Amino acid sequence: MPVFFMSKRQGAIETSTYGAEFCAMRTAVEEVISVRYMLRCLGVKVKHASLICDDNKGVIQNCTISDSLLKKKHAAIAYHKTRESAAAGITHPIKIATENNFADLLTKSLTGRLFWRLYGKLTKG
């Protein structure tokens, strides 16, 4: 069950899903860092990396594999932010299938059955 999820219009125009996913991953990393800081301020010990789910395998590989090279220079800031947090053990990006991705409710055209299954899982908590 996700602790936090969002769907919003991005400030930059991307010509590929790769760049858009990296921008979204950077936003997620920044939110994770904020929530982890708040928890530490409240006295909660945060021992493990926070999972960030994404459905783009290329973005996951570039975030987690230390030998991966960035071929799209316009995504450099997002790339370095996500790589830094993964290397520091703050986040752990994982691939998630559409069948389990709550964000797809707001961003993709889903079949009725899949939409209502995800919606049900989300609202039942």
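Y119 is partly exposed, because its relative accessible area is 39%, which lies between the 20% and 50% cut-offs. The model is a predicted one.

**Aromatic pair in helix α5**

- Y119 pairs with W116 in an edge-to-face arrangement, with 5.5 Å from centre to centre and 85° between the planes.
- Both residues belong to helix α5 (residues 112-124), and because they are three residues apart, about one helical turn separates them.
- W116 has a relative accessibility of 56% and therefore counts as exposed, since the cut-off for exposed is over 50%.

- A pair of aromatic rings is described by two values, the distance of the centres and the angle of the planes.
- A search of the whole structure gives five aromatic pairs.
- One of them joins Y18 and F22, with centres 5.2 Å apart and planes at 85°, and this pair is edge-to-face.
- Y18 and F22 are both part of helix α1 (residues 17-41), where they sit four residues apart, about one turn of the helix.
- Y18 has a relative accessible area of 15%, so Y18 is buried.
- F22 also counts as buried, because its relative accessibility is 0%.
- Ring pairs join Y18, F22 and Y79 into a cluster.

**Contact between helices α2 and α3**

- Helix α2 (residues 57-64) packs against helix α3 (residues 76-87) at an angle of about 60°, and the two axes are 8 Å apart.
- On the α2 side, the contact is made by N62, C63 and T64, and on the α3 side by Y79, T82, R83 and A86.
- Sorted by class, the residues in this contact are three nonpolar, three polar and one charged.
- Y79 of α3 takes part in this helix contact, and Y79 is also a member of the ring cluster with Y18 and F22.

**T91 in strand β2**

- T91 lies in strand β2 (residues 91-95).
- T91 counts as buried because its relative accessibility is 3%.
- The side chains of T91 and S85 are joined by a polar contact of 2.9 Å.
- Setting aside neighbours within four places in sequence, T91 is in contact with V29, V32, A49, S50, I52, S85 and A86.
- A86, one of these contacts of T91, is also among the α3 residues that meet α2.

Methods. Residues numbered from 1 in each chain as written. Predicted model: local features only at pLDDT ≥ 70, side-chain atom pairs only at ≥ 80, totals over all residues. Heavy atoms only, no water. Axes fitted to C-alpha atoms, helices over the stretch in contact; angles between N-to-C directions. Helix = DSSP H or I, 4+ residues; strand = E, 2+ residues; numbered from the N terminus. Contact = heavy atoms within 4.5 Å. Nonpolar A, V, L, I, M, F, W, Y, C, P; charged D, E, K, R; others polar. Buried < 20%, exposed > 50% of the residue type's maximum accessible area, 1.4 Å probe, protein only. Polar contact = N/O pair within 3.5 Å; in protein donor to acceptor, adjacent residues only side chain to side chain. Phe/Tyr/Trp six-rings, centres within 6.5 Å; stacked < 30°, edge-to-face > 60°.
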